[in-house]
Amino acid sequence: MKLFQFISDDSNLQIGIDLDGKFYNFTRMSHNGFIASLQELIEKDIFNLEYLNSVIETVKKDGSLSNYEIQGNIKFDVPILNPQKILCYGVNYVAHAEEGDNPIPDEPILFAKTQNTLLPHKGVITFPKKIGRVDHEIELGVVIGKEGKNIHENDAMKYVAGYTIINDISARKMQIDDLEKSHPWLRSKSYDTFCPVGPYLIPKDSISDPHNIDLTLKINGEVKQQSNTSLMIFKIPKLINFASEIMTLKAGDIICTGTPSGISEIVDGDIVTCELSKIGLLSNSVKSE
Ligand code: MG
């Protein structure tokens with residue numbers, strides 16, 4: 001089951017659902033017009049298969065499903081508009097550590113991106129040429145389902161709402177220069193548009209094993225990154241536990257779980273596609289001037 005957010009013809013944010021490749025207006029289907037966003041479904045604790053299926057079954061039973069089909073091109077928005085936090089883990093795949101000449105970490109490496117970075121499917125990754133090399137990083141995104149602090153690894157999956165696709169765009173030259181000066185690398189990760197995300201948010205229970213998802217990133221159709229989430233050094237429960245011992249996690253927070261090897265430069269005019277098995281495809285163009 002694949003949920004997304006889109007902008008309707010009358011410029012309102014709506015929830016959509018992809019059923020067997022057809023798109024439907026879930027906001028209208030649910031007769032729950034007061035629920036404005038996927039984040040609100042999560043906060044109300046109804047972003048789960050039981051609720052979602054009950055809505056779909058109701059309209060299938062009364063024969064009205066086709067009334068909710070979305071016609072024409074869909075203007076996708078990001079699946080989470082206002083995450084309180086976008087938390088990222090660095091160097092979480094051995095092959096990526098090796099390509100960057102980094103040691104294998106003995107504990108998770110946590111950093112953050114700012115909210116201005118969020119960019120929907122089909123949005124344009126934009127940056128000034130003068131900052132030098134900028135890279136793509138395909139990642140599995142985990143969206144938090146409820147508030148928690150000091151979450152034990154054994155309980156961590158109860159705090160997951162669902163999964164999405166992230167491209168952790170990184171101003172690599174700036175990041176390396178800053179690291180050499182022992183400066184933080186926040187700015188290299190936080191240009192506007194540096195966090196393409198979505199388009200889908202997949203409910204947790206739709207994916208039996210999030211540690212067995214294929215990741216494939218292509219630039220202009222050429223494969224650059226190909227791996228599987230089974231190769232993460234620190235798995236999702238550890239990543240949730242680690243962050244939650246520092247900060248209270250909130251419904252809608254996004255955790256970027258790290259990128260595999262194969263990072264490379266993106267330049268003006270490129271089309272970058274990130275595909276995660278069972279989750280979907282995120283595509284963005286690049287503009288640099
Ligand atoms: Mg990353």
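Buried means under 20% relative accessible area. By that cut-off Glu139 is buried, and so is Asp168. Both residues belong to a predicted model, shown here in close-up views.

View 1. Glu137 (OE), Glu139 (OE) and Asp168 (OD) coordinate the magnesium ion at 2.0 to 2.1 Å. Along the chain, the donors follow the spacing E-x1-E-x28-D. Glu139 sits in strand β9, whereas Asp168 sits in the loop between β10 and α5 (172–180), so this pair ties together parts that are 29 residues apart in sequence. Glu139 and Asp168 are both buried.

**View 2. Six strands make an open, mixed sheet.** The strand order is β6-β5-β15-β9-β10-β12, the sheet is open, and the pairing is mixed. β6 (109–113) and β12 stand at the edges with a single partner strand each, so one side of each has no neighbour in the sheet. Strand β9 (residues 138–144) pairs with strand β15 (residues 254–256) in the antiparallel sense, over three bridges. There, Gly141 has Cys256 of β15 as its bridge partner.

**View 3. Strand β10 is enclosed.** Eight of the eight residues of strand β10 (residues 160–167) are buried, so the rest of the structure largely encloses this strand. β9 and β10 pair in the antiparallel sense over seven bridges.

View 4. In soluble globular proteins, nonpolar side chains tend to be buried together.

**View 5. Ile240 and its contacts.** Leaving aside neighbours within four places in sequence, Ile240 is in contact with Ile144, Ile151, Ala156, Val160, Leu249 and Ile255.

View 6. The domain assignment gives domain 1 (2–77) and domain 2 (86–288). Taken over C-alpha atoms, the centres of domain 1 and domain 2 are separated by 26 Å. The contact takes 14 residues from domain 1 and 18 residues from domain 2.

**View 7. Aromatic pairs, with Tyr191 and Phe194 in focus.** The structure holds 10 aromatic pairs. The ring centres of Tyr191 and Phe194 are 5.2 Å apart and the planes are at 40 degrees, so this pair is tilted. Tyr191 is partly exposed, at 24% relative accessibility. Phe194 is buried, with a relative accessible area of 0%. Elsewhere, ring pairs link Phe4, Phe6, Phe23, Phe76 and Tyr200 into a cluster.

**View 8. The loop between α2 and α3.** Asp45 lies in the loop between α2 and α3. Its phi is positive, about 60 degrees, although Asp45 is not a glycine. Asp45 counts as exposed, at 60% relative accessibility. Ile46 also has its place in the loop between α2 (38–43) and α3 (49–61). Not counting residues up to four places away in sequence, Ile46 touches Ile35, Leu41, Tyr51 and Leu52. Ile46 and Gly145 are 99 residues apart in sequence, but 9.9 Å apart in space, C-alpha to C-alpha.

View 9. Thr193 is found in the loop between α6 (186–189) and β11. Thr193 is a residue other than glycine with a positive phi, near 80 degrees. Thr193 is buried, with a relative accessible area of 13%. Pro199 lies in the loop between β11 (195–196) and β12. A cis peptide bond joins Gly198 and Pro199, with omega about -5 degrees.

Note on methods:
Residues numbered from 1 in each chain as written. Predicted model: local features only at pLDDT ≥ 70, side-chain atom pairs only at ≥ 80, totals over all residues. Heavy atoms only, no water. Contact = heavy atoms within 4.5 Å. Buried < 20%, exposed > 50% of the residue type's maximum accessible area, 1.4 Å probe, protein only. Helix = DSSP H or I, 4+ residues; strand = E, 2+ residues; numbered from the N terminus. Pairing = 2+ DSSP bridges. Donors = N, O, S within 2.8 Å, 3.2 Å for Na, K, Ca; no water. Phe/Tyr/Trp six-rings, centres within 6.5 Å; stacked < 30°, edge-to-face > 60°. Domains from an automatic or database assignment.
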